[in-house]
Amino acid sequence: MIKVDLSGASAFFTAAGPDYAAAQRAHETLKAGSGLGNDFIGWLELPKRIRDGELDRIVKAAEKIRARSQALVVIGIGGSYLGARGAIELLRPIPGENDPQVFFVGNGLSADYLCDVLARLGDKDFDVNVISKSGTTLEPAVSFRIFRELLEKKYGKDADEHIFATTDARRGALKGLADARGWESFVVPDDVGGRFSVLSAVGLLPMAVAGIDVCTVIDAAIEEMEALADESENNPAWQYAAARQNLYNKGYGVEILGCYEPSFRFMAEWWKQLYGESEGKDLKGIFPASVEYTADLHSMGQFIQEGQRCLMESVVRFTQARSAYEVPFDEANGDGLNYIAGRDLNEVCRIAADAVKEAHISGGVPNIVIECPARDEKGFAALVCFFEVACALSGYMSGVNPFNQPGVEAYKKNMFRMLGKPGAV
């Protein structure tokens, strides 16, 4: 289970400390389904539903793709790709010998990026997983049109066998196409918003193709959700939500999420969408940003240490490392590093993290540590469940609907009007 260490933030809290009574009320609201957005809380039971529902089909589809293709092209934007990409880069940053490469497109409109992906794809055998509730969101829809054409040129009448659609169960343009063309389809649940959907087929199919044990992920998620149902101050989701709301009310309006594993980069991107879309509304919300340590200590470190005092810092730390590497001894010692020769690089990194924490606290930055047991399937599942529950609680504590995102439509109206879409105003 995830553990939260608030010792580095305690000196910055109000005299009353984190409001666990408010956290309890938020949790009761969430569990009762009586709050704003209560038609989008299906993610609470999603792991159990997937285990008893689509999981076997997801695994079989992934096995089919792994057996015949060298690549999977995942087409989606926002919650339709960030969780899967975060999982793959965290758990399988280097594909195994028999693992297909996973390419992500449809998350932008850059022709250069698209052409770069096409160049890397080359003449590989590939399948496509298109992920969209409606099938009409511009970015993924354009990419899907392009890759459908490529599949038809490469496989002819068999092209449809290489398309897997993750979409609405009953309606929408993509659902209609999937039914008409006979594509194998998976469901984006009606009661689960995109940013909470990684533990559905949305995230699990690409993860399974990449070689991640999604059955272990789901089993661990079920266990973690049960632990996070605890209604006490020992619940790490209460601790995190209450701490960040306390700090926000004291003027810390920006939260930076850091990690000492570069492979965490897209998990941080997933976290930014989760919290940004859930809390940033009604002129409220903590702005979510991310840093990659220790690299960003040599770029953003100056601002974090001495810039505007609006920052709170949360750091994900993995208790168990995957590997070890001993710093070598050098007889000449020209670089002066023999004082750490023979020490495991993980130990050096841990000490660096402790030093950074101490420095940032002394510089006026509250520090929250989020401890995850290991960088594996169980650890990934625990992080997802922890961040999702804490996000919902934090949103309710701030008085907003954590499950809608009305503001994302503003740019679309302008874009469709400027592009000349029929009927756009």
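The dialogue below takes up the sheet and then the cavity.

Modeller: This is a predicted model, in which local features need pLDDT of at least 70, side-chain atom pairs count only at pLDDT 80 or more, and totals for chains, interfaces and linings use all residues. Residues are numbered from 1 along each chain as its sequence is written, and side-chain values use heavy atoms, without hydrogens and water.

Colleague: In what order do the five strands of the open sheet lie?

Modeller: Strands of a sheet pair through backbone hydrogen bonds, either parallel or antiparallel. Here the order is β1-β10-β9-β7-β8, with mixed pairing; strands are DSSP E runs of at least two residues, and helices H or I runs of at least four, numbered from the N terminus. Two strands pair if DSSP finds at least two bridges between them. β1 (3-5) and β8 (287-292) are the edge strands.

Colleague: How many bridges join β7 to β9?

Modeller: Six, and the two strands run parallel. Leu257 stands opposite Ser314 in β9.

Colleague: Which elements each supply at least two residues to the lining of the largest cavity?

Modeller: A cavity is a set of points on a 1 Å grid over the protein atoms alone where a 1.4 Å probe fits but cannot get out, and lining residues have an atom within 4 Å of a point. The elements are β9 (311-320), α13 (345-362) and β10 (367-374). Helix α13 gives the most, with three residues. Tyr260 and Arg317 are among the lining residues.

Methods
On a 1 Å grid over the protein atoms alone, a cavity is a set of points where a 1.4 Å probe fits but cannot get out, and a pocket is an open set with protein on both sides within 12 Å along at least five of seven lines; lining residues have an atom within 4 Å of a point.
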